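Please keep the sequence and the structure in view while reading.

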Amino acid sequence: MRKNLPLTLLGFALAGSVQAADWDHKDIADALHSVMEADRTVYTKLIVNRLANQEKVIKASEHWKDDKALVLPAQMFRYGSEAVAEKGAKFSYSLLSLWPINKQNNAKTPVEKAGLEAVNKGEPYYTTETLGGKKYFTAIYPDKAIAKACISCHNDHKDSPRKDFKMGEVMGGVVLRLPVK
Ligand code: HEC
């Protein structure tokens, strides 16, 4: 066993580098999104839904600082995305919707609009777009109501243009852009 360890490690290293080179834009976007989605789901289920909706120990509020409340899942997502941008990452991402509580989260480009309409069926949407003279691989993923907190908060929110979200339904989409050479 021990004798083979260096070889095994070399095998892993080679497999790793070959695989990395094989990854196309879709694979990279899917991988990044799987981490975003997992974190978003965990934060919503284990923190917001449990503490605000089930145990009722603390509220979640967009004015979390003044209210001494939990940060909303969408704010958690945006602060993460801003921190990634500050570090100079090559990719960018945001959470949008055709029924936004915050008008800033509406579709801005024709691709965003087409993508948000397409992901309503529950599957991701992939395309390329040119913005400011730069070409991007753009992936849009459905953002679903995975906890009761998602639908109760949006349906009851005074600024929500939709009041009939149901569990499991698509509420918006994550737009992820990777630059293409
Ligand atoms: C306690 C209230 C609350 C909860 C819980 C909540 N949201 Fe939101 N959500 C908001 C508010 C308020 C915004 C706008 C925040 C902003 O942009 O600053 C928002 C933003 C969004 C957006 C971007 C479009 C928009 O409406 O502005 C999507 C998509 C979204 N939420 C989906 C979800 C999903 C899915 C869940 C559960 C995983 C969830 N929300 C949980 C209140 C909530």
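## Overall architecture

Helices, taken as H or I runs of at least four residues, and strands, taken as E runs of at least two, are DSSP runs numbered from the N terminus. Counted in this way, the protein chain of this predicted model has six helices and four strands, and along the sequence these elements follow the pattern α-α-α-α-β-α-β-β-α-β.

The protein chain has 181 residues, of which 23% count as buried. Among its contacts between residues at least 6 apart in sequence, 56% join residues that are at least 24 apart.

## The sheet and the helix packed on it

The four strands form an open sheet, in which the order is β1-β4-β3-β2 and the pairing is antiparallel. Because β1 (92–96) and β2 (125–131) stand at the edges and each has a single partner strand, one side of each is left without a neighbour in the sheet. From one strand to the next, the twist averages 25 degrees.

Strand β3, which covers residues 134–144, is joined to strand β4, which covers residues 170–179, by nine bridges, and the two run antiparallel. As one point of reference in this pairing, tyrosine 141 stands opposite valine 174 in β4. Helix α5, residues 110–119, packs on the sheet and touches β1, β2, β3 and β4, while its direction makes about 135 degrees with that of β4.

## The shell around the ligand

Which residues are the closest to the ligand? The ligand is surrounded by 25 residues, and the closest are Ala74, Asn102, Cys150, Cys153 and Gly172. Two or more residues of this shell come from each of α2 (25–54), α4 (73–86), α6 (148–156) and β4, and α6 gives the most, with four residues. By class, the shell is made up of 15 nonpolar, eight polar and two charged residues.

## Helix α6

Helix α6 also holds buried residues, namely Ala149, Cys150, Cys153 and His154. Seen down the axis of α6, these buried residues fall within an arc of 110 degrees, so they line one face of the helix. In general, an α-helix has 3.6 residues a turn, so residues three or four places apart point the same way.

## Lysines in the loops

Most residues other than glycine have a negative phi. Against that background, lysine 56 has a positive phi, near 50 degrees, and lysine 68, although it is not a glycine, has a positive phi of about 50 degrees. Lysine 56 is found in the loop between α2 and α3 (64–67), whereas lysine 68 lies in the loop between α3 and α4. Is each of these lysines buried or exposed? A residue counts as exposed if 12 or fewer other C-beta atoms lie within 10 Å of its own; lysine 56 has 8 C-beta neighbours inside 10 Å and therefore counts as exposed, and lysine 68, with 10 such neighbours, counts as exposed as well.

A further lysine, lysine 103, is found in the loop between β1 and α5, and with 8 other C-beta atoms within 10 Å it is exposed. Lysine 103 and aspartate 159 are 56 residues apart in sequence, and their C-alpha atoms are 9.1 Å apart in space.

Key: Residues are numbered from 1 along each chain as its sequence is written. This is a predicted model: local features need pLDDT of at least 70, side-chain atom pairs count only at pLDDT 80 or more; totals for chains, interfaces and linings use all residues. Two strands pair if DSSP finds at least two bridges between them. Axes are lines fitted to C-alpha atoms, for helices over the stretch in contact, and angles run from 0 to 180 degrees between N-to-C directions. Two residues are in contact if their C-beta atoms, placed from the backbone, lie within 7 Å. A residue is near a molecule or strand if its C-beta atom, placed from the backbone, lies within 6 Å of it. Ala, Val, Leu, Ile, Met, Phe, Trp, Tyr, Cys and Pro count as nonpolar, Asp, Glu, Lys and Arg as charged, and the others, Gly among them, as polar. A residue is buried if 20 or more other C-beta atoms lie within 10 Å of its own, exposed if 12 or fewer, and partly exposed in between; C-beta atoms are placed from the backbone. The arc is that of the directions from the helix axis to the C-beta atoms.
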